[in-house]
Amino acid sequence: FACVDVDGDGVVDLRDARHFYDVQAQRMECLGHEVVPLQDVLCQMADLLDARAPALRLTIDDFLHPSKLRLVGVFFDALF
């Protein structure tokens, strides 16, 4: 979590996610894969983690909730 929280404010938000996803999107494009827009990915990840905030604002508690522990890797895989 701390690695993805680029600005160190204790929240993974759109700016933090974009920092990593831009590199991932370039990689996908170079490999000839369809690049899924960041907003679509983040919407899916917020749904996966059941984050009910109107904008992406995930805290460490969102990742460590017992019912979500098996799913959080999917979020990080999307960014890396």
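How many disulfides does a search of the whole structure find? The search finds zero, a disulfide being a pair of cysteine sulfur atoms within 2.5 Å. The legends below begin with the overall fold and then turn to single elements and residues.

The structure is a predicted model, in which local features need pLDDT of at least 70 and side-chain atom pairs count only at pLDDT 80 or more, whereas totals for chains, interfaces and linings use all residues. Residues are numbered from 1 along each chain as its sequence is written, and side-chain values use heavy atoms, with hydrogens and water left out.

**Figure 1. Overall fold of the protein chain.** The protein chain has four helices and two strands, which follow the order β-α-α-β-α-α from the N terminus. The radius of gyration is 12 Å, close to the 12 Å given by the globule rule for 80 residues, so the chain is as compact as a globular protein of that length. This radius is taken over C-alpha atoms, and the rule is 2.2 Å times the number of residues to the power 0.38. Helices (H or I, at least four residues) and strands (E, at least two) are DSSP runs, numbered from the N terminus. Along the principal axes, the C-alpha atoms fill a box of roughly 35 × 25 × 20 Å. Of the 80 residues, 35% count as buried; buried means under 20% relative accessible area, exposed over 50%, and partly exposed in between (1.4 Å probe, protein chains only). Among contacts with a separation of 6 or more, 50% come from residues 24 or more positions apart, where contact means heavy atoms within 4.5 Å.

**Figure 2. The buried face of helix α2.** Helix α2 spans residues 38–48, and Leu38, Val41, Leu42, Met45 and Ala46 are buried in it. These residues cover an arc of only 130° around the axis, which puts them on the same side of α2; the arc is that of the directions from the helix axis to the C-beta atoms. The packing partners of the buried α2 residues are α1 (14–30) and α4 (72–79). Just after α2, Asp50 adopts a positive phi of about 60°.

**Figure 3. Helix α4 and its neighbours.** The buried residues in α4 are Val72, Phe75, Phe76, Ala78 and Leu79. Viewed down the axis of α4, they fall within an arc of 155°, so they line one face of the helix. They pack against β1 (12–13), α1, α2, β2 (57–58) and α3 (60–64).

**Figure 4. Surroundings of Gln24.** Gln24 is located in helix α1 and counts as buried at 12% relative accessibility. Its side chain is joined to that of Arg27 by a polar contact of 2.5 Å. Leaving aside neighbours within four places in sequence, Gln24 is in contact with Asp77, Ala78, Leu79 and Phe80. A polar contact is a pair of N or O atoms within 3.5 Å; within protein, one must be able to donate a hydrogen and the other to accept it, and residues adjacent in sequence count only if both atoms are side-chain atoms.

Figure 5. Leu58 lies in strand β2 and is buried, with a relative accessible area of 0%. Its C-alpha atom is separated by 8.3 Å from that of Ala46, twelve residues apart along the chain. Cys3 is exposed at 64% relative accessible area, and Cys30 is exposed at 71%.
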